There are 2 protein chains.
Amino acid sequence: MTESPAYHHGNLQQALVEAGAQLIEENGISGISLREVAKIAGVSHSAPYRHFKDKNALLTGIAEVGFQRLGHAMQLAVEQHPGNAREQLIEAGVAYIRLALDNSEMFHLMFGGLIAAEDPSEALQQSSVLAFQGLVLIIQGGQKDGLYKQAEANELALTAWSLVHGYAMLASTGKLHHMTNSRKAILSLARYIESHLIDGIAR
Amino acid sequence: MTESPAYHHGNLQQALVEAGAQLIEENGISGISLREVAKIAGVSHSAPYRHFKDKNALLTGIAEVGFQRLGHAMQLAVEQHPGNAREQLIEAGVAYIRLALDNSEMFHLMFGGLIAAEDPSEALQQSSVLAFQGLVLIIQGGQKDGLYKQAEANELALTAWSLVHGYAMLASTGKLHHMTNSRKAILSLARYIESHLIDGIAR
DNA sequence: ACCTGAACACCGTTCAAGT
DNA sequence: ACCTGAACACCGTTCAAGT
(Lines give C-alpha, C1' and ligand atoms only; values in the text may rest on other atoms or scores of the structure.)
Protein backbone atom coordinates (compact mmCIF):
# COMPACT_ATOMS: atom_id res chain seq x y z
CA MET A 1 0.00 0.00 0.00
CA THR A 2 1.16 3.52 -0.77
CA GLU A 3 -0.45 5.08 2.30
CA SER A 4 1.63 7.12 4.73
CA PRO A 5 2.53 5.20 7.89
CA ALA A 6 1.26 5.91 11.38
CA TYR A 7 1.12 9.61 10.52
CA HIS A 8 -1.99 11.68 10.53
CA HIS A 9 -4.23 11.94 7.46
CA GLY A 10 -2.47 14.64 5.53
CA ASN A 11 -2.93 17.95 7.31
CA LEU A 12 -2.82 17.76 11.07
CA GLN A 13 -2.40 21.50 11.44
CA GLN A 14 -5.76 22.20 9.86
CA ALA A 15 -7.41 19.31 11.67
CA LEU A 16 -6.27 20.77 15.00
CA VAL A 17 -7.63 24.21 14.19
CA GLU A 18 -10.97 22.76 13.13
CA ALA A 19 -11.19 20.56 16.20
CA GLY A 20 -10.38 23.57 18.35
CA ALA A 21 -12.98 25.76 16.65
CA GLN A 22 -15.60 23.13 17.29
CA LEU A 23 -14.54 22.52 20.89
CA ILE A 24 -14.47 26.19 21.76
CA GLU A 25 -18.08 26.76 20.82
CA GLU A 26 -19.11 23.69 22.81
CA ASN A 27 -17.07 24.01 25.99
CA GLY A 28 -16.45 27.72 26.05
CA ILE A 29 -13.26 29.66 25.80
CA SER A 30 -11.88 28.52 29.16
CA GLY A 31 -12.98 24.91 28.70
CA ILE A 32 -10.59 24.22 25.88
CA SER A 33 -7.34 22.32 26.34
CA LEU A 34 -4.53 21.43 24.00
CA ARG A 35 -4.74 17.85 25.17
CA GLU A 36 -8.40 17.44 24.31
CA VAL A 37 -7.97 19.10 20.93
CA ALA A 38 -5.22 16.60 20.22
CA LYS A 39 -7.43 13.73 21.37
CA ILE A 40 -10.27 14.83 19.06
CA ALA A 41 -7.83 15.03 16.17
CA GLY A 42 -6.68 11.53 17.05
CA VAL A 43 -3.07 12.23 17.96
CA SER A 44 -1.04 12.24 21.13
CA HIS A 45 -1.03 15.28 23.39
CA SER A 46 2.43 16.32 22.29
CA ALA A 47 1.85 16.07 18.55
CA PRO A 48 0.45 19.63 18.22
CA TYR A 49 3.85 21.02 19.17
CA ARG A 50 5.14 20.07 15.71
CA HIS A 51 2.70 22.59 14.23
CA PHE A 52 2.19 25.22 16.92
CA LYS A 53 4.73 26.81 19.22
CA ASP A 54 2.37 26.63 22.17
CA LYS A 55 -1.29 26.79 23.14
CA ASN A 56 -1.44 30.49 22.40
CA ALA A 57 -0.35 29.84 18.82
CA LEU A 58 -3.15 27.31 18.37
CA LEU A 59 -5.69 29.76 19.78
CA THR A 60 -4.40 32.35 17.34
CA GLY A 61 -4.95 29.89 14.51
CA ILE A 62 -8.49 29.28 15.67
CA ALA A 63 -9.19 33.01 15.93
CA GLU A 64 -7.97 33.45 12.37
CA VAL A 65 -10.72 31.28 10.94
CA GLY A 66 -13.11 33.43 12.97
CA PHE A 67 -11.82 36.56 11.27
CA GLN A 68 -12.22 34.92 7.90
CA ARG A 69 -15.83 34.05 8.69
CA LEU A 70 -16.43 37.60 9.87
CA GLY A 71 -15.01 39.17 6.74
CA HIS A 72 -17.05 36.78 4.63
CA ALA A 73 -20.31 37.56 6.40
CA MET A 74 -19.78 41.30 6.06
CA GLN A 75 -18.86 41.02 2.40
CA LEU A 76 -22.03 39.07 1.77
CA ALA A 77 -24.15 41.70 3.50
CA VAL A 78 -22.59 44.45 1.39
CA GLU A 79 -23.20 42.58 -1.85
CA GLN A 80 -26.87 42.24 -1.05
CA HIS A 81 -27.36 46.02 -1.09
CA PRO A 82 -25.54 47.26 -4.18
CA GLY A 83 -25.31 51.02 -4.57
CA ASN A 84 -26.93 51.72 -1.21
CA ALA A 85 -24.21 52.85 1.19
CA ARG A 86 -26.68 53.34 4.03
CA GLU A 87 -28.06 49.81 3.90
CA GLN A 88 -24.58 48.46 3.31
CA LEU A 89 -23.23 50.00 6.49
CA ILE A 90 -26.22 49.00 8.59
CA GLU A 91 -26.45 45.42 7.33
CA ALA A 92 -22.71 44.83 7.46
CA GLY A 93 -22.99 45.89 11.11
CA VAL A 94 -25.92 43.56 11.69
CA ALA A 95 -23.93 40.70 10.16
CA TYR A 96 -21.08 41.54 12.53
CA ILE A 97 -23.40 41.52 15.53
CA ARG A 98 -25.13 38.36 14.35
CA LEU A 99 -21.83 36.51 14.28
CA ALA A 100 -21.02 37.77 17.77
CA LEU A 101 -24.33 36.40 19.04
CA ASP A 102 -24.23 33.07 17.21
CA ASN A 103 -20.53 32.30 17.72
CA SER A 104 -20.01 34.20 20.93
CA GLU A 105 -17.16 32.09 22.29
CA MET A 106 -15.26 32.41 19.04
CA PHE A 107 -15.97 36.13 19.00
CA HIS A 108 -14.61 36.54 22.52
CA LEU A 109 -11.52 34.61 21.56
CA MET A 110 -10.99 36.98 18.64
CA PHE A 111 -11.59 40.20 20.57
CA GLY A 112 -11.59 39.42 24.29
CA GLY A 113 -7.93 40.20 24.90
CA LEU A 114 -7.07 36.67 25.97
CA ILE A 115 -4.60 36.03 23.17
CA ALA A 116 -1.40 37.86 23.93
CA ALA A 117 -0.67 40.45 21.25
CA GLU A 118 3.05 39.59 21.47
CA ASP A 119 4.16 40.02 17.90
CA PRO A 120 2.73 43.21 16.43
CA SER A 121 3.26 41.92 12.90
CA GLU A 122 1.21 38.81 13.30
CA ALA A 123 -1.31 37.24 10.99
CA LEU A 124 -4.17 38.20 13.27
CA GLN A 125 -3.44 41.86 12.70
CA GLN A 126 -3.75 41.23 8.97
CA SER A 127 -7.16 39.63 9.29
CA SER A 128 -8.71 42.39 11.37
CA VAL A 129 -7.24 45.07 9.15
CA LEU A 130 -8.89 43.39 6.16
CA ALA A 131 -12.32 43.55 7.78
CA PHE A 132 -11.70 47.21 8.54
CA GLN A 133 -10.77 47.96 4.94
CA GLY A 134 -14.19 46.71 3.89
CA LEU A 135 -15.74 49.36 6.09
CA VAL A 136 -13.55 52.09 4.61
CA LEU A 137 -14.74 51.11 1.15
CA ILE A 138 -18.38 51.41 2.18
CA ILE A 139 -17.75 54.85 3.64
CA GLN A 140 -15.89 56.04 0.57
CA GLY A 141 -18.69 54.79 -1.64
CA GLY A 142 -21.18 56.69 0.49
CA GLN A 143 -19.06 59.81 0.32
CA LYS A 144 -19.11 59.68 -3.47
CA ASP A 145 -22.89 59.44 -3.37
CA GLY A 146 -23.03 62.47 -1.08
CA LEU A 147 -24.43 60.39 1.78
CA TYR A 148 -21.58 60.75 4.25
CA LYS A 149 -19.56 63.69 5.53
CA GLN A 150 -16.38 64.66 3.72
CA ALA A 151 -14.24 63.83 6.75
CA GLU A 152 -11.33 61.41 6.84
CA ALA A 153 -12.78 58.08 5.69
CA ASN A 154 -10.54 56.15 8.08
CA GLU A 155 -11.91 58.13 10.97
CA LEU A 156 -15.54 57.63 10.01
CA ALA A 157 -14.94 53.93 9.40
CA LEU A 158 -13.34 53.59 12.83
CA THR A 159 -16.32 55.35 14.37
CA ALA A 160 -18.70 52.88 12.75
CA TRP A 161 -16.50 49.93 13.68
CA SER A 162 -16.27 51.03 17.32
CA LEU A 163 -20.03 51.41 17.59
CA VAL A 164 -20.83 48.05 16.06
CA HIS A 165 -18.04 46.28 17.90
CA GLY A 166 -19.04 47.75 21.24
CA TYR A 167 -22.66 46.81 20.77
CA ALA A 168 -21.67 43.30 19.66
CA MET A 169 -19.45 42.88 22.73
CA LEU A 170 -21.99 44.22 25.19
CA ALA A 171 -24.78 42.13 23.70
CA SER A 172 -22.78 38.91 23.48
CA THR A 173 -21.53 39.17 27.06
CA GLY A 174 -25.03 39.69 28.43
CA LYS A 175 -24.49 43.29 29.50
CA LEU A 176 -27.74 44.32 27.79
CA HIS A 177 -29.94 41.79 29.55
CA HIS A 178 -31.58 44.59 31.50
CA MET A 179 -32.84 46.23 28.30
CA THR A 180 -33.33 43.43 25.78
CA ASN A 181 -33.64 39.68 26.12
CA SER A 182 -34.39 37.99 22.84
CA ARG A 183 -31.99 37.68 19.95
CA LYS A 184 -34.53 39.31 17.68
CA ALA A 185 -34.92 42.36 19.91
CA ILE A 186 -31.14 42.74 20.10
CA LEU A 187 -30.79 42.77 16.30
CA SER A 188 -33.70 45.13 15.91
CA LEU A 189 -32.27 47.53 18.48
CA ALA A 190 -28.94 47.34 16.65
CA ARG A 191 -30.49 48.98 13.60
CA TYR A 192 -31.79 51.88 15.68
CA ILE A 193 -28.39 52.35 17.26
CA GLU A 194 -26.71 52.32 13.89
CA SER A 195 -29.13 54.83 12.44
CA HIS A 196 -28.23 57.20 15.29
CA LEU A 197 -24.64 56.92 14.18
CA ILE A 198 -25.40 57.49 10.52
CA ASP A 199 -27.37 60.61 11.25
CA GLY A 200 -24.11 61.84 12.68
CA ILE A 201 -22.10 60.82 9.70
CA ALA A 202 -24.58 62.13 7.13
CA ARG A 203 -24.08 65.70 6.04
CA MET B 1 -4.10 38.04 74.34
CA THR B 2 -7.44 38.69 72.69
CA GLU B 3 -6.21 38.04 69.16
CA SER B 4 -7.92 35.47 66.97
CA PRO B 5 -5.94 32.23 66.69
CA ALA B 6 -4.29 30.92 63.52
CA TYR B 7 -6.99 32.60 61.43
CA HIS B 8 -6.38 35.27 58.88
CA HIS B 9 -6.26 38.96 59.79
CA GLY B 10 -9.92 39.83 59.84
CA ASN B 11 -11.20 39.84 56.29
CA LEU B 12 -9.76 37.14 54.07
CA GLN B 13 -12.43 37.63 51.43
CA GLN B 14 -11.34 41.18 50.75
CA ALA B 15 -7.66 40.27 50.97
CA LEU B 16 -8.16 37.64 48.27
CA VAL B 17 -9.91 40.05 45.94
CA GLU B 18 -7.17 42.64 46.40
CA ALA B 19 -4.42 40.10 45.87
CA GLY B 20 -6.22 38.90 42.75
CA ALA B 21 -6.65 42.41 41.38
CA GLN B 22 -2.94 43.04 41.84
CA LEU B 23 -1.92 39.70 40.35
CA ILE B 24 -4.14 40.07 37.31
CA GLU B 25 -2.55 43.31 36.21
CA GLU B 26 0.92 41.81 36.68
CA ASN B 27 0.55 38.35 35.18
CA GLY B 28 -2.34 38.90 32.83
CA ILE B 29 -5.78 37.43 32.82
CA SER B 30 -4.65 33.90 31.96
CA GLY B 31 -1.68 33.95 34.32
CA ILE B 32 -3.78 34.06 37.46
CA SER B 33 -4.40 31.03 39.63
CA LEU B 34 -6.45 30.47 42.73
CA ARG B 35 -3.47 28.85 44.36
CA GLU B 36 -1.16 31.81 43.87
CA VAL B 37 -3.79 34.28 45.03
CA ALA B 38 -4.10 32.21 48.18
CA LYS B 39 -0.33 32.16 48.62
CA ILE B 40 -0.10 35.94 48.31
CA ALA B 41 -2.86 36.31 50.88
CA GLY B 42 -0.89 33.99 53.13
CA VAL B 43 -3.35 31.11 53.38
CA SER B 44 -3.51 27.55 52.12
CA HIS B 45 -4.74 26.84 48.61
CA SER B 46 -8.06 25.54 49.86
CA ALA B 47 -8.87 28.42 52.18
CA PRO B 48 -10.51 30.56 49.44
CA TYR B 49 -13.28 27.98 49.13
CA ARG B 50 -14.73 29.20 52.43
CA HIS B 51 -15.41 32.55 50.77
CA PHE B 52 -15.88 31.79 47.08
CA LYS B 53 -17.75 28.95 45.47
CA ASP B 54 -15.03 28.47 42.85
CA LYS B 55 -12.45 30.33 40.81
CA ASN B 56 -15.14 31.95 38.68
CA ALA B 57 -16.69 33.49 41.80
CA LEU B 58 -13.36 35.00 42.81
CA LEU B 59 -12.87 36.42 39.31
CA THR B 60 -16.34 37.93 39.55
CA GLY B 61 -15.37 39.57 42.83
CA ILE B 62 -12.25 41.00 41.22
CA ALA B 63 -14.23 42.32 38.26
CA GLU B 64 -16.62 44.04 40.65
CA VAL B 65 -13.91 46.31 42.03
CA GLY B 66 -13.09 47.12 38.41
CA PHE B 67 -16.66 48.25 37.81
CA GLN B 68 -16.52 50.39 40.93
CA ARG B 69 -13.33 52.05 39.71
CA LEU B 70 -14.93 52.62 36.32
CA GLY B 71 -18.05 54.22 37.75
CA HIS B 72 -15.90 56.40 39.97
CA ALA B 73 -13.69 57.61 37.13
CA MET B 74 -16.70 58.49 34.98
CA GLN B 75 -18.43 60.30 37.81
CA LEU B 76 -15.30 62.36 38.40
CA ALA B 77 -15.10 63.33 34.74
CA VAL B 78 -18.74 64.45 34.76
CA GLU B 79 -18.27 66.58 37.85
CA GLN B 80 -15.39 68.43 36.23
CA HIS B 81 -17.66 69.81 33.51
CA PRO B 82 -20.81 71.03 35.29
CA GLY B 83 -23.64 72.14 33.06
CA ASN B 84 -21.86 71.13 29.85
CA ALA B 85 -23.49 67.96 28.55
CA ARG B 86 -21.23 67.81 25.53
CA GLU B 87 -17.98 67.90 27.50
CA GLN B 88 -19.49 65.57 30.09
CA LEU B 89 -20.24 62.90 27.50
CA ILE B 90 -16.89 63.22 25.78
CA GLU B 91 -14.78 63.27 28.93
CA ALA B 92 -16.70 60.47 30.60
CA GLY B 93 -15.92 58.47 27.49
CA VAL B 94 -12.26 59.43 27.64
CA ALA B 95 -12.13 58.36 31.30
CA TYR B 96 -13.66 55.03 30.26
CA ILE B 97 -11.08 54.54 27.54
CA ARG B 98 -8.24 55.67 29.80
CA LEU B 99 -9.13 52.97 32.31
CA ALA B 100 -9.24 50.39 29.54
CA LEU B 101 -5.73 51.39 28.47
CA ASP B 102 -4.20 51.66 31.94
CA ASN B 103 -5.85 48.60 33.49
CA SER B 104 -6.31 46.56 30.36
CA GLU B 105 -6.20 43.12 31.97
CA MET B 106 -8.80 44.15 34.51
CA PHE B 107 -10.89 45.66 31.72
CA HIS B 108 -10.76 42.46 29.70
CA LEU B 109 -11.77 40.49 32.76
CA MET B 110 -14.79 42.77 33.17
CA PHE B 111 -15.88 42.73 29.54
CA GLY B 112 -14.00 40.00 27.70
CA GLY B 113 -16.62 37.30 28.12
CA LEU B 114 -14.41 35.02 30.17
CA ILE B 115 -16.56 35.08 33.29
CA ALA B 116 -19.58 32.88 32.72
CA ALA B 117 -22.77 34.91 32.91
CA GLU B 118 -24.50 32.02 34.68
CA ASP B 119 -26.79 33.79 37.07
CA PRO B 120 -28.58 36.66 35.33
CA SER B 121 -29.33 38.31 38.66
CA GLU B 122 -25.75 38.63 39.78
CA ALA B 123 -23.93 41.51 41.37
CA LEU B 124 -21.93 42.13 38.23
CA GLN B 125 -25.08 43.03 36.35
CA GLN B 126 -25.83 45.62 39.03
CA SER B 127 -22.43 47.27 38.68
CA SER B 128 -22.55 47.65 34.93
CA VAL B 129 -26.12 48.92 35.03
CA LEU B 130 -25.02 51.61 37.46
CA ALA B 131 -22.34 52.86 35.09
CA PHE B 132 -24.94 52.91 32.33
CA GLN B 133 -27.36 54.94 34.44
CA GLY B 134 -24.72 57.65 34.71
CA LEU B 135 -24.73 57.90 30.94
CA VAL B 136 -28.50 58.15 30.81
CA LEU B 137 -28.36 61.09 33.24
CA ILE B 138 -25.86 62.93 31.05
CA ILE B 139 -28.07 62.42 28.00
CA GLN B 140 -31.18 63.59 29.81
CA GLY B 141 -29.36 66.67 31.05
CA GLY B 142 -28.29 67.41 27.50
CA GLN B 143 -31.82 66.93 26.25
CA LYS B 144 -33.10 69.53 28.72
CA ASP B 145 -30.48 71.95 27.43
CA GLY B 146 -31.61 71.30 23.87
CA LEU B 147 -28.28 69.74 22.98
CA TYR B 148 -29.43 66.21 22.20
CA LYS B 149 -32.25 64.75 20.14
CA GLN B 150 -35.60 64.10 21.79
CA ALA B 151 -35.29 60.36 21.20
CA GLU B 152 -35.45 57.66 23.84
CA ALA B 153 -32.69 58.55 26.33
CA ASN B 154 -31.93 54.88 26.94
CA GLU B 155 -31.34 54.37 23.25
CA LEU B 156 -29.04 57.34 22.89
CA ALA B 157 -27.13 56.35 26.02
CA LEU B 158 -26.66 52.84 24.66
CA THR B 159 -25.41 54.28 21.40
CA ALA B 160 -22.80 56.33 23.25
CA TRP B 161 -21.85 53.40 25.46
CA SER B 162 -21.42 51.07 22.49
CA LEU B 163 -19.19 53.52 20.69
CA VAL B 164 -16.95 54.21 23.66
CA HIS B 165 -16.86 50.58 24.72
CA GLY B 166 -16.01 49.36 21.25
CA TYR B 167 -13.24 51.90 20.86
CA ALA B 168 -11.88 51.02 24.31
CA MET B 169 -11.90 47.33 23.48
CA LEU B 170 -10.27 47.71 20.08
CA ALA B 171 -7.63 50.06 21.43
CA SER B 172 -6.80 47.98 24.50
CA THR B 173 -6.47 44.75 22.51
CA GLY B 174 -4.10 46.35 20.01
CA LYS B 175 -6.49 46.25 17.08
CA LEU B 176 -5.74 49.89 16.27
CA HIS B 177 -1.98 49.49 16.07
CA HIS B 178 -2.13 50.02 12.33
CA MET B 179 -3.60 53.51 12.78
CA THR B 180 -2.30 54.80 16.11
CA ASN B 181 0.55 53.78 18.34
CA SER B 182 0.99 56.07 21.30
CA ARG B 183 -1.37 56.32 24.22
CA LYS B 184 -1.69 60.04 23.61
CA ALA B 185 -2.70 59.60 19.98
CA ILE B 186 -5.30 57.02 20.98
CA LEU B 187 -6.92 59.37 23.49
CA SER B 188 -6.82 62.26 21.07
CA LEU B 189 -8.42 60.18 18.31
CA ALA B 190 -11.07 59.12 20.82
CA ARG B 191 -12.32 62.70 21.07
CA TYR B 192 -12.71 62.95 17.29
CA ILE B 193 -14.62 59.68 17.22
CA GLU B 194 -16.89 60.84 19.98
CA SER B 195 -17.59 64.14 18.31
CA HIS B 196 -18.73 62.23 15.21
CA LEU B 197 -21.23 60.48 17.42
CA ILE B 198 -22.48 63.64 19.07
CA ASP B 199 -23.07 65.32 15.76
CA GLY B 200 -25.45 62.44 15.18
CA ILE B 201 -27.16 62.82 18.50
CA ALA B 202 -27.44 66.60 18.35
CA ARG B 203 -30.59 67.95 16.78
C1' DA C 1 9.94 14.81 9.04
C1' DC C 2 6.44 13.50 12.14
C1' DC C 3 4.69 11.40 16.07
C1' DT C 4 4.65 8.85 20.87
C1' DG C 5 5.01 8.29 25.94
C1' DA C 6 7.11 9.26 30.09
C1' DA C 7 8.22 12.97 33.03
C1' DC C 8 7.79 17.53 35.38
C1' DA C 9 5.72 21.33 37.51
C1' DC C 10 1.69 23.21 37.78
C1' DC C 11 -3.58 23.59 38.07
C1' DG C 12 -8.97 23.50 40.36
C1' DT C 13 -11.63 21.06 43.49
C1' DT C 14 -12.93 17.98 47.34
C1' DC C 15 -12.80 16.22 51.95
C1' DA C 16 -11.37 14.49 56.28
C1' DA C 17 -9.17 16.49 59.97
C1' DG C 18 -7.59 20.02 63.07
C1' DT C 19 -8.36 24.56 66.29
C1' DA D 1 -16.67 29.12 61.97
C1' DC D 2 -12.41 28.99 59.64
C1' DC D 3 -8.44 26.92 57.98
C1' DT D 4 -4.94 22.95 56.66
C1' DG D 5 -2.94 19.09 53.98
C1' DA D 6 -3.42 15.11 51.43
C1' DA D 7 -5.59 13.36 47.43
C1' DC D 8 -7.54 13.28 42.68
C1' DA D 9 -8.02 14.27 37.97
C1' DC D 10 -6.59 17.33 35.05
C1' DC D 11 -3.38 20.78 32.70
C1' DG D 12 0.94 22.89 29.35
C1' DT D 13 5.45 21.88 28.07
C1' DT D 14 9.76 19.28 27.27
C1' DC D 15 12.54 15.56 25.60
C1' DA D 16 14.36 11.17 24.57
C1' DA D 17 12.93 7.69 21.66
C1' DG D 18 10.64 5.47 17.86
C1' DT D 19 9.23 4.99 12.45
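Figure 1. The structure is a predicted model, in which local features need pLDDT of at least 70, side-chain atom pairs count only at pLDDT 80 or more, and totals for chains, interfaces and linings use all residues. Residues are numbered from 1 along each chain as its sequence is written, chains are lettered from A and ligands numbered from 1 in the order in which they are written, and side-chain values use heavy atoms, with hydrogens and water left out. Two salt bridges are found across the interface of chain B and chain A, a salt bridge being a side-chain nitrogen of Lys or Arg within 4 Å of a carboxyl oxygen of Asp or Glu. Asp199(A) and Lys149(B) form a salt bridge through their side chains, with an N to O distance of 3.5 Å.

**Figure 2. Elements and residues of chain B that face chain A.** In chain B, α5 (104-111), α6 (123-144), α7 (153-172) and α8 (183-201) each contribute at least two residues to the side that touches chain A; helices are DSSP runs (H or I, at least four residues), numbered from the N terminus. The largest share of this side, 13 residues, is supplied by α7(B). By class, the side of chain B that touches chain A comprises 20 nonpolar, 17 polar and four charged residues; Ala, Val, Leu, Ile, Met, Phe, Trp, Tyr, Cys and Pro count as nonpolar, Asp, Glu, Lys and Arg as charged, and the others, Gly among them, as polar. Chain B and chain A each bring 41 residues to the contact, where contact means heavy atoms within 4.5 Å. About 3700 Å² is buried between chain B and chain A, and carbon and sulfur atoms give 70% of this area; buried area is the accessible area (1.4 Å probe) that two parts lose on being put together, summed over both.

**Figure 3. The two domains of chain A.** Chain A is divided into domain 1 (1-52) and domain 2 (62-201), with bounds from an automatic or database domain assignment. Eight residues of domain 1 of chain A contact eleven residues of domain 2 of chain A. These two domains of chain A bury about 730 Å² between them, with 74% of it on carbon and sulfur atoms. On the domain 1 side, Ile24(A), Glu25(A) and Ile29(A) lose the most area to domain 2, together 63% of what that side buries.

Figure 4. Sugar and phosphate make up 44% of the atoms of DNA strand D that come within 4 Å of the protein. Lys55(A) places a backbone N or O atom 2.9 Å from a phosphate oxygen of DNA strand D.

**Figure 5. The surroundings of DNA strand C.** Among the 20 residues that surround DNA strand C, the closest are Ser44(A), Ser46(A), His51(A), Leu34(B) and Arg35(B). Phosphate oxygens of DNA strand C lie 2.9 Å from a polar side-chain atom of His51(A) and 2.9 Å from a polar side-chain atom of Tyr49(B). For Lys55(B), a backbone N or O atom lies 2.9 Å from a phosphate oxygen of DNA strand C.

Key. Near = heavy atom within 4 Å. Polar contact = N/O pair within 3.5 Å; in protein donor to acceptor, adjacent residues only side chain to side chain.
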